[in-house]
Amino acid sequence: MIWRGIAIGIIISAPMGPVGILCVQRTLEKGRRTGFFTGIGAAISDMIYCLLTGFCLSFIEEFLTRNHNILQLIGSVVLIGFGVYLFKSNPTRNLKKPEEEGISDGRNILNGFLFTFSNPLIIFLIIGLFARFNFFMPEIKFYHYMIGFISIGAGALLWWWLVTFLVAKLRAHFNLRSMWLVNKIIGGIIFIFAIAGIVSAVSAMCEAAPRGNPPAKIENEYMNRSRGFSGFGNGNDSTLIITASTPDTICNLIPLRGGGRFDFSFRAANLHNGSGKRYNIEGGKKIAHPGWGIVITGADGDRETISIFTDDHPKDETYSPTALCFKAGRSEKRVRIDSGIDFFTGRNAFLLSFDRGEATLMGGNREYKPILSWDAGIAHADSIGFFVAPGGAVDFDNIALEYPEGSFIERSEYGNAAILESYLRRSSDEMEGMWRIYDRSLDEDNLRMGGDYIFAIVKSPEGYDLIYLMGAEIRKEDWAPGMIKGKLIDSGFEGVWDVEWYDATGALLSKDIKASYEEPLISIQFPYHSSSIRLRKIIRKEKH
């Protein structure tokens, strides 16, 4: 953020418009101090416009997150236009020479400020730069933005310091006409930055979209960042506070849409963890250092917990007097952290990375440091969240669920065998049930079947969901019961559906794919892949 901010501050200030010429004139006529204070006024104006722009953009953070490649492309195009304009412009045109004599430093700052603030079109340049440098990203914290804005001011001041230094040193050889050359150089640099941004954005979009249909990438979730809590359900509060005032442990979970691979990050402050303090629970009992932690559940009801608690009376004297302790549930793996973390009521940040059962926890009060790595014993997680032990109260914020490439398929609750069996037992729809591939005719060059799948077909608002149960052979580690293998979408014709189908790699196929039902088989045709498959029901519902 420091380097991004400095670069933005310099690029905003560098074009030699009227305020630049005013700064140079005053440096030549009245000395470097007068010119620099004029530049300070311009830097203050630029900072105000940056803050206004950033404040407005924060309201559409989710849109910026989802479309940052497109916005970088648009921002780069804006910069190209600005660079071309700057390259052709005459900075001395219509500039009136100041007539004031003996102006105070405050007046110089005010003049520089008014010269710059009178041109609100600079906002479009700022938007372009913010987009080009990815200044607004979901993983960036609030204090990082503050560092970034301060760095923008520092970059602007650095530019005016350099300009006045060079003008003062080259006073005898300096000519205002040379500002034309400065503008051409700066315009060329901005043009190069913009071209690099276009190449970067186009490359990122091409990498994100493989041949054929784009992959079904699950959208990341960013909670309690001024937009409420999504699945955690704490209304519009700015943080999520979980309090356990009874003898029972309190859990708060949200479902995962891609449980094979994900990153779960958040900040937490243990409010009932004061040094030497004890906290009441119902029944008159008092608890010191009540713990809390993270809960991961699997589709079959398996559960893994990561317990976190403070120990300020260790039995082993080889440790420091106070430490934050971490324990991974079934693996019984433990670790004590005695530095780089707040042990009591302060706020720490944590990042849990999960990859097909391999879990890694990092955390700290200033930066992420490795804490634990272990086998969670759950290949595909179904939900994740927090628990708070009796007597505890924990404040969570900046909660985020991010799904890297490979977490491409939505999950359904019907991956749970008991839930599916109970649902199908009550169903009277002849389409609903368990189906398996009966036969297939495939062009292996165009469509590879990932295995002899067994599906559950369940009614959905659009038509029916084909829910994967078992049988994957290609990339089988990425498939778990409950993943949506395909969708049958009502076409308006009885017995015929449009189809969305996820292949073995998670790519979405949908172009002109049709399904038809003629008892006892469902036929799915892939005309653009010269292939077809047929499904047959293997378990029929019981009629009562």
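Let's start with Arg425: partly exposed, at a relative accessible area of 39%. Partly exposed here sits between buried, under 20% relative accessible area, and exposed, over 50%, with a 1.4 Å probe and protein chains only. Note that this is a predicted model: local features need pLDDT of at least 70, side-chain atom pairs count only at pLDDT 80 or more, and totals for chains, interfaces and linings use all residues. Residues are numbered from 1 along each chain as its sequence is written, and side-chain values use heavy atoms, without hydrogens and water.

Back to Arg425. Its salt-bridge partner is Glu421, with the closest N and O atoms 2.8 Å apart. A salt bridge means a side-chain nitrogen of Lys or Arg within 4 Å of a carboxyl oxygen of Asp or Glu. Glu421 is partly exposed too, at 48%. Why are Glu421 and Arg425 separated by about one helical turn? Because they are 4 residues apart in helix α10, residues 417-426. Helices are DSSP runs of H or I, at least four residues; strands are runs of E, at least two; both are numbered from the N terminus.

The structure holds 10 salt bridges. Take Asp395 and Arg347, at 3.2 Å, N to O. That pair links distant parts of the chain: Asp395 in strand β15 (residues 393-402) and Arg347 in strand β11, 48 residues apart. Asp395 is buried at 9%. Arg347 is partly exposed at 29%.

Next, Asp452 and Arg440, 3.4 Å between the closest N and O atoms. Asp452 lies in strand β17 (residues 451-459), Arg440 in strand β16 (residues 433-441), 12 residues apart. Salt bridges with shared partners also join Arg267, Arg347, Asp395 and Asp397 into one network.

Now cavities. A cavity is a set of points on a 1 Å grid over the protein atoms alone, where a 1.4 Å probe fits but cannot get out; lining residues have an atom within 4 Å of a point. The count is 2 cavities of 30 Å³ or more. Of its 15 lining residues, the closest to the centre are Asn270, Trp292, Leu324, Phe344 and Asn348. Strands β4 (261-270), β8 (303-311) and β11 (347-355) each supply at least two lining residues.

Last, the surface. Leu158, Trp161, Leu162, Phe165, Leu166 and Leu170 form a nonpolar patch, about 500 Å² of accessible area together. Patch residues have over 30% relative accessible area and no salt bridge; nonpolar side chains (Val, Leu, Ile, Met, Phe, Trp, Tyr) are joined within 5 Å, like charges within 9 Å. Accessible areas come from the Shrake-Rupley method with a 1.4 Å probe. Leu166 sits in helix α8, residues 142-169, and is partly exposed at 46%.

Note on methods:
1 Å grid on protein atoms, 1.4 Å probe; cavity = no way out; pocket = protein on both sides within 12 Å on 5 of 7 lines; lining within 4 Å. Points joined across faces, edges and corners; volume = space filled by probe spheres on them.
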